[in-house]
Amino acid sequence: MARVAAAAALRPSQLASAGERRRRGGARGLLLLALGASAAAAAAAVAARWVGSEGFAAPSQRIARASRTAAAAAAEEPTSGAATAAGADVGLRRREATWAAAAAVAAGIAPLAPPAARAEDIPPGPPSAMKRVVISIGSEERLATELKFWLGGCEMKKLSEFTGADGLRSTVVGFGDDPKGFGIEFKLDPNILNRERPSLLNYNVMQPYVDALNFVQVSAKGKMMDVFARAQNNGGNALIGDATHIDIESPRGVQVRFVTREDVQPSVELVSLNVEVPAFDAVTKFYKRSFGMQELEYPAEDPSIQKLSVLLGNVGENTPNLLLCPTPDGRLKERDRDAFESMVVVAKDPSSTVAAAQKAVELNAKEDLEREDQLKIKLSSLPKEKRGNLDDVLAARRAATLAKPAVLAEGALPAINDGVGNIVVVASASDF
């Protein structure tokens, strides 16, 4: 367990800096001008689909949360009246959707389609089971406040407590009594108190930045009003909900979605990640190819999620599923500043999982080059006056967030970057 904790703390130095993320935002405006009439029409079609179905607009709870945080944390943040923000919302969604759709076209990526519409035949990698989501915490006081929410508000139990090889103490909470079952691991690391504060608001589109860790979904018995009261009394912050579900934010900022289940014991059902749109399809493939995940049907009766999201899981494994949600490029908080450190998966044969990941990395690089070649062909077929500057278009594509998966560390506890900076640590059953 200590060895797993040491590897799970890895944060890749290759992550994009804040400046690089800002430059990506400036490149989007160029795309619409350079793509020409044909690509712009395709972009508009994709944008219309998104805007008409909630599209790229951030969930209302995230807007409210970001507004509260911005007001409390930075007095210099510009503010505007609620009426102005409400009136501008539709226009902002349309503009943001158009930019992101254009980025997808320029990236040479086919517009995202619902799972049923994609007929990909992707050989799955060796099966694995998600066992940990690792969250960093800066002080003993903050850890105590966080644990109060998870133990009292979520009614979890403390599964284990240990000091890793890195000298950092971890506390794992979860449902049931099995210390090797799925759990949320809180790693006490005072160094994170020195990190810069993540960006809160994207002024280009006046929308909040969102976390890479979207939410953790938990099944709950009883009425949602009781869940609401219990969570609020233990330090949680209710965001939005109804009689069937409620979203509540922990003191550390981790969003938990409680869903009414009368016929099952409480458990963590899924973990949701936000993934940038230009990289979304490649990241989805990477999880399938590396960790043996299969595409599952999201239950129609469950709470609504971001359109075109993909639910992945390992059938037969007693582990939460993984929900990937497409998010406009440039809208995620800096991953080297947020609370989410890594995921830990247990594989029957870690070496086979690493080999599958290496192959997936190579396939991703090959497919990325093919998409760029396809883009060059598409642009060269346009009339010269509509083609724009080819170099500028290609530069804009390369400035977008494209998936760059990598095996960061091998050996007993390999660490893998999923392509957009989310770290997955692979452990064997004996090492876990």
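I started with how α5 passes α6: the crossing is right-handed (the near helix is turned clockwise from the far one by less than a right angle). Helices here are DSSP runs of H or I, at least four residues, numbered from the N terminus. This is a predicted model, where local features need pLDDT of at least 70, side-chain atom pairs count only at pLDDT 80 or more, and totals for chains, interfaces and linings use all residues. Residues are numbered from 1 along each chain as its sequence is written, and side-chain values use heavy atoms, without hydrogens and water.

I looked up the packing of α5 (residues 140-153) on α6 (residues 224-233): the angle is about 155 degrees and the axes, lines fitted to C-alpha atoms over the stretch in contact, are 8 Å apart. The pair is therefore roughly antiparallel (over 145 degrees). For contacts (heavy atoms within 4.5 Å), I found Lys148, Phe149, Gly152 and Gly153 of α5 meeting Arg230, Ala231 and Asn233 of α6.

Next, Trp150, also checked for contacts. Beyond four places in sequence, Trp150 touches residues including Glu155, Met156, Val173 and Ile184.

Then Ala360, which I found in helix α8 (residues 350-380). Is Ala360 buried or exposed? At 1% relative accessibility, Ala360 is buried (under 20% relative accessible area, with a 1.4 Å probe and protein chains only). Leaving out neighbours within four places in sequence, I noted contacts from Ala360 to Phe286, Arg289 and Ser290. Ser290 is 70 residues away along the chain, yet its C-alpha atom is 6.4 Å from that of Ala360.

Methods:
Helix = DSSP H or I, 4+ residues; strand = E, 2+ residues; numbered from the N terminus. Buried < 20%, exposed > 50% of the residue type's maximum accessible area, 1.4 Å probe, protein only. Axes fitted to C-alpha atoms, helices over the stretch in contact; angles between N-to-C directions. Parallel < 35°, antiparallel > 145°, perpendicular 65-115°, else oblique.
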